[in-house]
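Please read it alongside the display below.

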Amino acid sequence: MTHQPNYSPMQAKAPAPPGPGLYPSGPYQPVPPVSSYQPVPPVSSYQPVPPVSSYQPGPPLTSYPASPGQPLLTRPPMGGLPSHTPPQSASPSPGPRLPPAQATPPPPSVSSSSYYQNPQQPQPMAPSWQYNTAPPPMGPPASMSTPPRGPVANHVNPAVSSTAPPPPSSAVYTSAPPAHVSHSATQPPGPRMPPTSAHGYTQPGTVPPPMNPMAPHTYQPSRAPYGPPPTGPPPTMKATPPPTGPPMGNATPPPPKAVGTVAGNGPQAPNSYNHVDNKMAGLPQPGPPGRHLGHYPSLPPGYQNTSTPHNTTSPMHPAMQAATQPYTQAPQPYQQPPGGPGPAQLSPSLAAMSLQSSTPEALRVVNLLQERNLLPPRPIPAPTPCLPQDLQKINCNPEVFRSTLTSIPQTQSLLNKAKMPLGLLLHPFKDLSQLPVVTSSTIVRCRSCRTYINPFVSFLDQRRWKCNLCYRVNDVPEEFMYNPVSRSYGEPHKRPEVQNATIEFIAPSEYMLRPPQPAVYLFVLDVSHNAVETGYLNVFCQSLLDNINALPGDSRTKVGFITFDSTIHFYNLQEGLSQPQMLIVSDIEDIFLPTPDSLLVNLNECKELVQDLLKSLPTLFEKTMETQSALGSALQAAFKLLSPTGGRMSVFQTQLPNLGVGALQSREDPNQRASAKDIQHLSPATDFYKKLALDCSGQQVAVDLFLLSSQYCDLASLGCISRYSAGSVYYYPSYHHQHNPAQVECFQKDLKRYITRKIGFEAVMRIRCTKGLSIHTFHGNFFVRSTDLLSLPNVNPDAGFAVQMSIEENLDDMQVVSFQAALLYTSSKGERRIRVHTLCLPVVNSLSDIFAGADVQAISGLLACMAVDRSVTASLSDARDAMTNAAIDSLTSYRQSVLTIQQPGLLAPACLRLFPLFILALLKQKSFRTGTSTRLDDRVFAMCQLKYQPLAYAMLMIHPSLYRIDDLTDEGALNISERTIPQPILLQLSVEKLSREAAFLMDAGTVMYLWIGRNCNPNFLSQVLGVPSYASVPDNLFMLPELDTAESQRTRAFIGWLRDQRPFFPSLRVIRDESQWKASFMQNMIEDRTESALSYYEFLLHLQQQISK
Ligand SMILES: [Zn+2]
């Protein structure tokens, strides 16, 4: 630490591990070094022009005028009988209802401080990034009332750190530490067990089980709304001690495939290796056998050999394709635009280089002010780490695991000098076309640091291997001597574990603290008047009906439904009922489960009832006039229902919750949407949702939020429910089944993916790194359980994570370092599995080598995550300044420390030539822009996406792709499944590139714009759009007509291919002169000047001015 003179204890205290005593804080106690460089003066010399409000601000919040005397419960009974008001539903008006949201919202500044550590930490005088000093936003504040949690369920290895003393060998594979087991005594043991008193949710014994399926049952209709449930203590949320560990071995029905079976299936032969399963992780095709396990191209078979990343005959998106290629060239190939830069561009730059001949392409000097066409025609591949070819050949796929710097600096001070952030970007549960799966009774791990054996360990001899993270020498277990792939003995280095940087293990029983949980899905549906108005319920029910057999799971899968408005409605779906039975609980202050045993039911056994319910739900609430939304209580009810098993909670909400716990008030001032000043209310108004999320996380429940709304819903507050429980947020602004068909299509497609995609339950992810490196901040949706362990109640294949790293000890003697991400999860079939990714990178000791290995996309992605945190903990303007300074600082460092000959201009190494462009794009992105009207929820959602989307998708949201598509040809096209996919080149994001005679497609990740020029080629209009003229292009066109023309087929193939490469569905919007979306389209023209933001060229000049100061 001697090289960090500015170390300040105040900044170092941030990421205290939550679990006292459980995770030795010593070696991982993050003491983030503070970079010692002087911050550049704040960037405030240019101020945006006054904002222009481009759309009419809506009223803050519409309340539907509900007639005061409106009976609360007038809905017909299940089964669609003629409207018949059950007697008990006539007068359950809750009377002394709490005024909404009086209790919760503290002043924003206070609430902000309650979420993030060190809120009072003095902000740096100048807004430069201080790498490695940002407080981790995810750690629980010390003051949180939620008790600290113990190690997560089923994780065998609570105390792991790369520098921890070796545990006694007997501890290696022991299962539950006794401390956790003791909790199981009070835990509801299994899915079918009634809740115990430990939860305080005792089943109301005095209430007879409702037997009449014809009428909804309302509990406590005549009781004071604040009374306790019929029996048992009131279920106070705060009083519930969140158990620290899952119950162990108890009444939970064993999974169909008992763990012992896996281990015991074993081998008749002397090895314990059962099989190497080349099953496709996501696709059914078998992979190539044997040594092909080594690299796992995510390409469909048949496309694996399509040469280089530049080869346009590959079927994949070039970025993806490049990433999947086992790259063998070092240094990385720099992608030259066709024709290359002209001599005029090259020579002045090269003239300045002292090492012309030996300079790698990544370090070629580029004068950004002179080279105008920097954008490559194809997406940029990830840079290749400068490793020996044999190592690089088996290295982790950068789509899965990627570092901002592909060459790791030897010391923190060197990293500080480079002024680039060091971090990892992960997509750990990505759908892979090929994934080696290993079943073995012994998973070989380092005895000291618990690292999984991987391709980058070294074998001292046949019997000993040396850990690449802590350097301990370990014995090779006997069974590892047998190689099932070659069926030979005595070649441990040829085992699949040592040949694959990504591998999955089927875990033996030591990896379980309880039987693996079944797949459990609970749907929580807003059925208020507002919700019914949007028409979403129909789409949801139909989607689930259509895909119910594709819901991942096995014979144990359970489902349940809760609907809510001002009351909470449960559905008894127990086998044997003739139809579903609705149970209404109106006491939302004191929520309880009316019949806890029959609300979550086995899907196979009760499928017909579930289908009946889905068919009747949309009509059930058709006539409702209830405008209130007791979301908080519904979430509490759902949490109670899922607590015994864990599972996935899918919440559909259409308005600001305004009743009971968690009620919110509108905080958005529409007049401030276009403010050029700081944006308020980016942090939550209440900690209710975060606390509940942490309770959920402790019980292995993840909450996914679908927000469908035209009004402000305070996503900054609501989003916490997903963020801390490892869920995801989907947002459909202005959703309406009639007025917004494009949104309906998106919602349908997203739902289909959501319902059918792979899912992992009760997961944890641990990231280990070579001794000397340490993690200090995570980004994504999760709960940080300890400094290197994330709690993920659910893990899904579409989630990305980012990690900031620091260098705590000099890496002097090391040639390479490694990073290993291990994701332990329960599959939907009840198998405990571990997916392990290992990334190996070289260590370098010169600044020029660090620069040569910079990954500009990864850096931009990590900076975006850091900027989101900064926006919330400090301010948006602070975050914006910090991003600008990141560009200034790194280019200054390059100029001062790498370039040997000074010359005028704004100079960048070729590998960073797009850095200023991406920074400018971030400044203009919805998350961070100022001076352009941006709804608060839209902004907050954009921020969520930057933190949560894997890099490939986040980059499209930062810097969209623009293509000309009216002249698509088959030249250079891809050929996939006998479909020809044209490959137009990427264009710069500038109006200059548009032409009135043409049509352009802008792919902005979640949305695509089809811009049609006023004099667009009539052939395109008729052959692709099916209209005779520009004037007849319909404004609301969101789907291209299926015309039987070559042009139509090409265009649809191209758009379809782009869509196929992401897990969410981008809608298509047609832009004409008068289009309502024109402004959004134009805002993505990043290189152009707007009334509130600089053009790219102006931005470069600004950078140059700062750098030459
Ligand atoms: Zn080790």
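1. Basis of the note. This is a predicted model, in which local features need pLDDT of at least 70 and side-chain atom pairs count only at pLDDT 80 or more, while totals for chains, interfaces and linings use all residues. Residues are numbered from 1 along each chain as its sequence is written, and side-chain values use heavy atoms, with hydrogens and water left out.

2. The zinc site. The zinc ion has as its protein donors the SG atoms of C446, C449, C467 and C470, lying 2.3 Å from it; donors are N, O and S atoms within 2.8 Å of the metal (3.2 Å for Na, K and Ca), and a site may look incomplete since water is not among the atoms. Along the chain the donors are spaced as C-x2-C-x17-C-x2-C. The angles among the 4 donor atoms are 100 to 115°, and the site is tetrahedral (four donors with all angles between 85 and 135 degrees). Both C467 and C470 are buried, meaning under 20% relative accessible area with a 1.4 Å probe, protein chains only.

3. The open sheet. Four strands form an open sheet in the order β4-β6-β26-β23, with antiparallel pairing. Strands are DSSP runs of E with at least two residues, numbered from the N terminus, and two of them pair if DSSP finds at least two bridges between them. Strands β4 (401-403) and β23 (773-779) are at the edges with a single partner strand each, so one side of each has no neighbour in the sheet. From one strand to the next the twist averages 25°. Between β23 and β26 (residues 801-807) there are 6 bridges in the antiparallel sense, and H779 stands opposite A802 in β26.

4. A parallel pair. Strand β20 (residues 701-709) runs parallel to β21, joined by 5 bridges. Within this pairing, L708 is opposite Y732 in β21. Of the 5 residues of β21 (residues 729-733), 4 are buried, so this strand is largely enclosed by the rest of the structure.

5. Serine 722. S722 belongs to helix α16 (residues 720-723), helices being DSSP runs of H or I with at least four residues. The relative accessible area of S722 is 0%, so this residue is buried. Its side chain reaches the backbone nitrogen of L705 at 3.4 Å. Beyond residues up to four places away in sequence, S722 touches several others, including V703, D704, V729 and N781, where contact means heavy atoms within 4.5 Å.

Definitions and conventions: Buried means under 20% relative accessible area, exposed over 50%, partly exposed in between (1.4 Å probe, protein chains only). Four donors count as tetrahedral if all angles lie between 85 and 135 degrees; four count as square planar and six as octahedral if opposite donors are over 155 degrees apart and all others between 65 and 115; anything else is irregular. Axes are lines fitted to C-alpha atoms, for helices over the stretch in contact, and angles run from 0 to 180 degrees between N-to-C directions. A polar contact is a pair of N or O atoms within 3.5 Å; within protein, one must be able to donate a hydrogen and the other to accept it, and residues adjacent in sequence count only if both atoms are side-chain atoms.
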